[in-house]
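Here are a few exercises to work through with the structure on your screen. Try each task yourself before you read its solution.

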Amino acid sequence: MAIRAVYDNEVQTVSDKNLIVVGGSCVNTVAALIVGGSEETPICGAMFTEKTGVGAGQYIIKTVASPYDSSKIAMLVAGYEATDTISAVDLVKEGGISTDVGEKVYPELA
């Protein structure tokens, strides 16, 4: 299986594939689509928290039908801040993350 990294402005070159979308909706247009925005409107700060339930020190791993091909999936791996996104990527790299459609906010709050 070949894995290919592309920037969000190049997504059309892989839009017929399953996607792993890394980065928040403030900096990644594909992430913005996944959290309910548009490619033209970044979702940042308080709006990101409102849409995802993710606040400072947290991240989300959310799998949805791809916004480009409903027969494929798109997994969003994004944190509130860049360091939180790195923690999310590390968790995905460890394995054991479901690719079933759904979402999980980490770390879980009591």
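**Exercise 1. Describe the sheet: in which order do its strands lie, and which strands are at the edges?**

Step 1: 4 strands form an open sheet in the order 1-3-2-4, with mixed pairing. Strands (E, at least two residues) and helices (H or I, at least four) are DSSP runs, numbered from the N terminus. Two strands pair if DSSP finds at least two bridges between them.

Step 2: Strand 1 (19-22) and strand 4 (102-106) are the edge strands, as each pairs on one side only.

Step 3: On average, neighbouring strands of this sheet are turned by 10 degrees against each other, direction ignored. Axes are lines fitted to C-alpha atoms, for helices over the stretch in contact, and angles run from 0 to 180 degrees between N-to-C directions.

Before going on, a word about the model. It is predicted, so local features need pLDDT of at least 70 and side-chain atom pairs count only at pLDDT 80 or more, while totals for chains, interfaces and linings use all residues. Residues are numbered from 1 along each chain as its sequence is written, and side-chain values use heavy atoms, leaving out hydrogens and water.

**Exercise 2. Is Thr63 buried or exposed, and which residues does it touch?**

Step 1: Find Thr63 in strand 2. With a relative accessible area of 2%, Thr63 is buried.

Step 2: Leaving aside residues up to four places away in sequence, Thr63 touches several residues, including Ile73, Met75, Thr99 and Val101. Contact means heavy atoms within 4.5 Å.

Step 3: Compare sequence with space: Thr63 and Val21 are 42 residues apart in sequence and 9.7 Å apart from C-alpha to C-alpha.

**Exercise 3. Which residues form the aromatic pair, and how are their rings arranged?**

Step 1: Searching the whole structure gives 1 aromatic pair. Rings of Phe, Tyr and Trp (its six-membered ring) pair if their centres lie within 6.5 Å; planes under 30 degrees apart count as stacked, over 60 as edge-to-face and the rest as tilted.

Step 2: The ring centres of Phe48 and Tyr80 are 6.5 Å apart and the planes are at 50 degrees, so this pair is tilted.

Step 3: Phe48 sits in helix 2 (residues 45-52) and Tyr80 in the loop between strand 3 (73-79) and helix 3 (82-94), so the pair ties together parts that are 32 residues apart in sequence.

Methods:
Buried < 20%, exposed > 50% of the residue type's maximum accessible area, 1.4 Å probe, protein only.
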